[in-house]
Amino acid sequence: MSENRAPIISAEPRLPCGTAALAGVSAVSLRAKLRRLMPLHEEMRALTLAVPLLALLIVSFGVPIIALLSRAVYDPSIVNALPRTAEALQHLSAADPPGDDVFAALEADLKQDQAKGSIFEFAKSLNSRLSGARSQVLKTARLLAGGAAFSKSELVAAVPFWGEKETWSTIRGGAHGFTSFYLLSALDLRWGADGLTSVPAGEAVFLRVFARTFMVAALVTLATLALGFPLAYLISNLPPTLANLVLVLVLLPFWTSILVRTAAWTVLLQKFGLLNDALIALGIATERLELMYSRLGLVIAMTHIQLPFTLLPIYSVMRSIPPSQLRAAHSLGARPLTAFRRVYLPQALPGVMAGCLLTFILCLGYYITPALIGGASDQLISNFIANYVNVDLNWEMAAALSFMLLTFTLLLYAAFARFLGLDRFKLV
Amino acid sequence: MRCLKITVSAVLTATILCLGAGKAAPAADELTIMATGGAWQAAQRQAWFEPFAKKTGVKVNEQEYLGDLGKIKAMVETGNVPVDLVTVETATVLQGCDAGILQRLDYAKIADRTKFLPGTALDCGVGLDVYGDVLAYDTTVLKDPPTSVLDIFDTKRFPGKRGMRKFPAQNLEWALMADGVPTADIYKVLATPAGVDRAFKKLDTIKKDVVWWDAGAQPPQLLASHEVVMTTAWNGRIQNAVEQDNKPFAIVWKDQIVEYDMISIPKGTKNSDLAYKYLAYISEPEVAAQLGRFIPYGPVRSDATSFVPKDVLPKLPTAPDHMKSYLVGDVEFWGDQGEELVKRFNAWLAQ
């Protein structure tokens, strides 16, 4: 804690002499001293300097995220298309079947949508909540466009869709604009005619994908730790010039685009790629391995990309551990392993935790690498979000999945902070 | 962090555009066309973009995309549509039409609607060309050549990975065809839940052997890197790899699915008149036939066939030799059921 702040404090010219060596001073007393030295109005002045940045962040980051995430719970497409029906449904309790007045309102709404040309949009948005609704809505609209008026029983006879419980519970669910449909769907749940149920096994996909995302993130985190920890230890014990050289080698790929690195891995991993060629030539493998479009290939590529994120926090902490402490432990009779375990490791742990958390959270959002290197069963949650945004045009579902991902990530972060203590984290 | 980038990228772009950064108002005599890249876009450039630019003095700007409508939806919803024309495929044109992001076209400004092949002059899209979804393989790898697209389901005779498009359209039809459903009944069967189950069950038999592709340029690459022994593909991409890159690929035409490429005007474009001018230009029979010189895709007007160069005709999906057993992709079916089937397909892939 204090090492990080010491240089900043000592650079402050108005500090009384002698406080520059601050080792051992607690954070609380530091803050108190700072407060005394820098009155509140000066802090406010400093804050005003940051206002443009804050405004930019809020406008370009905060507002769009909130606007997009709000789509997960607010979808007025049904109430916009069926205002009269929504109004008529207000007077009914959930158990009552819709009566003649609701059907009259429905017919008036559909006729108006047909005339305005918005019927297709309504058909599509109802369809994304209820499979098969599109053709039924369009069929009804065509029927009504003929001009004839239908009674409730006539309409149900012509299009049985309108007599089904599911249809009305779906419309009722969208009659307020606010809906839990998408958030529940993101957890493979549905609020049906008989309460909260799981979706049919053939449609359940998101819980599995969330589990897979966490699984891959955990694997990559472990792999980067296994590679990064010894490497960080090695670098922190090398003479400075050599250490810098190794560090540059680690960082070099870090400075290239993630897309380029992923594409490079396709060249390496493919069936007739360099890695397979080398394995065959060395006689290690007799058959060409299927590394592309597989979980193994994905973890290898992601580990390579994430390595610096795990390594750097560990390295920065290790560098601050004086080697004399280990020597002192040895001289007091500790065996190498004991000295490492009881003197070195506890001090390196904050860096390890910070590096692992950083990598784990970044892995949860991976998109390009699974898309290019993973197979169909290695796609992570971001790939599904992208699919809902780009292909399905169902932004509500994309927002719901994003919301869930964000929630899981924040929960995880909170759990780390709660049980391990935020002040023990050390980033670069 | 990265995930946020993905999920809000559209909105962020929108915000940036709203802030006015990088918002360059297109000059009146510029036309921006977005297509799906690769050999097909290059062919359009030579056959249509450049001659149109020369004839009218209009500058044609190009953009590329994967055929996913989300990009267009983002433009339309934010009211900033920098693209005047966009190519779409039969399976998604109705979806874009319903979602209100593609304009309903005024054929009085384009051409006589009756001159087009049935199903190629739609409310929201004009047909550009006829192409075939075919099977392709490397002749140096497969000595015993497949004879039908449906051979992709035969893992005994053709072991190894096979490439298929990561999209339910065509794959479900082929699955039913391979399962013995007569061509005429494919869409009737596929419209029933039992038929969909049957198609997925057939796909289950090869699921672990499939490498899924997204972009039309991938199948030739997958074949060239020997990542797959055979792959479904768009015929033009394979033909161009053979002719321009001298790849030893061959096309299997039997049981091909014939599809149409469409071009549409996104809602809210500022150059609507110019876009119509372009549509009218490429719909002239003689101009429409020019595409075939650069990629073996046929015209969608029967009166344009006489303008197709003689040496190109036998390479087209519509050549008599290639039309012995085929299916025509059903636009209405995919407009109606597409969304559910995509959803089901993605859930199936993830399992």
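Predicted model: local features only at pLDDT ≥ 70, side-chain atom pairs only at ≥ 80, totals over all residues.
Which elements of chain A have the lowest and the highest mean pLDDT? Residues are numbered from 1 along each chain as its sequence is written, and chains are lettered from A and ligands numbered from 1 in the order in which they are written. The lowest mean, 38, belongs to helix α1 (residues 2-11) of chain A, and the highest, 95, to helix α12 (residues 206-237) of chain A; helices are DSSP runs of H or I with at least four residues, numbered from the N terminus. For chain A the mean pLDDT is 85, with 90% of its residues at 70 or more.

In chain B, helix α4 (residues 90-98) packs on helix α12 (residues 331-350) at about 65°, the axes being 8 Å apart; axes are lines fitted to C-alpha atoms over the stretch in contact, and angles run from 0 to 180 degrees between N-to-C directions. This angle makes α4(B) roughly perpendicular to α12(B), a class that covers 65 to 115 degrees.

The domain assignment of chain B, automatic or from a database, gives domain 1 (29-130 + 260-322) and domain 2 (132-257). Their centres, taken over C-alpha atoms, are separated by 26 Å. In chain B, 13 residues of domain 1 are in contact with 13 residues of domain 2 (C-beta atoms, placed from the backbone, within 7 Å). Helix α2 (residues 38-56) of chain B contributes 3 residues, the largest share of the domain 1 side that touches domain 2.

Notes
pLDDT = per-residue confidence, 0-100. Helix = DSSP H or I, 4+ residues; strand = E, 2+ residues; numbered from the N terminus. Parallel < 35°, antiparallel > 145°, perpendicular 65-115°, else oblique. Contact = placed C-beta atoms within 7 Å.
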